Amino acid sequence: MKAFNVNGVIYTTMDYYFSKTVSTSYDEAIRRTTEALQSEGFGVISEIKMHDKLKEKLNVEFKKYTILGACNPPFAYKALQAEDKIGTMLPCNVLVIEQAPGEIEIAAVNPIASMMAITNPALGEIAQLVTDKLQRVIATL
């Protein structure tokens, strides 16, 4: 947890993501990450290759950077029942970033940190369960 001072008020935050760096190819990292997500009940419902989009839209070069939109339907449904605007934070994003050739960072959003912005106690348990699952995904890579 981190603390910061804004105009004399102390705020605390949690890291908004957790990550791990693996030594493998970029494509293999995406495959392994997708499989690890599936083993925890997530499906990848979107895949955005930011490096391709940035090249297409801005004609700039960027490192290989893919956003995997992961969804665990039972937990998404529970969260939507508790808070119908939670869809602004769905799906759970998992990044696959080539930091250097053969050095791939996989990072996942921390749902607990995300839920701190919402004052709905019903989301706390769901956020903890999803966080546990995403942490296991990262740990298995």
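Let's start with one side chain: Leu134 is buried, with a relative accessible area of 0%. Here, buried means under 20% relative accessible area, exposed over 50%, and partly exposed in between, using a 1.4 Å probe and protein chains only. The model is predicted, so local features need pLDDT of at least 70 and side-chain atom pairs count only at pLDDT 80 or more, while totals for chains, interfaces and linings use all residues. Residues are numbered from 1 along each chain as its sequence is written, and side-chain values use heavy atoms, with hydrogens and water left out.

Leu134 belongs to helix H5 (residues 122-140). Helices (H or I, at least four residues) and strands (E, at least two) are DSSP runs, numbered from the N terminus. Which residues does Leu134 contact, leaving aside its neighbours within four places in sequence? They are Phe18, Leu37, Phe42, Cys92, Val94, Ala108, Val109 and Pro111, where contact means heavy atoms within 4.5 Å.

Now look at the sheet. Five strands form an open sheet in the order S3-S7-S6-S5-S4, with antiparallel pairing; two strands pair if DSSP finds at least two bridges between them. S3 and strand S4 (43-49) are the edge strands, each pairing on one side only.

Strand S7 (residues 103-109) has five of its seven residues buried, so it is largely enclosed by the rest of the structure. Seven bridges link S7 to strand S3 (residues 17-23), and Phe18 stands opposite Ala108 in S7. Strand S6 (residues 92-100) is joined to S7 by six bridges.

Our last stop is the largest pocket, which holds about 430 Å³ of space. On a 1 Å grid over the protein atoms alone, a pocket is an open set of points where a 1.4 Å probe fits, with protein on both sides within 12 Å along at least five of seven lines; lining residues have an atom within 4 Å of a point. Grid points are joined across faces, edges and corners, and the volume is the space filled by probe spheres set on the points. There are 31 lining residues, and Pro91, Cys92, Asn93, Val109 and Pro111 lie nearest the centre of the pocket. S6 gives the most to this lining, with five residues.
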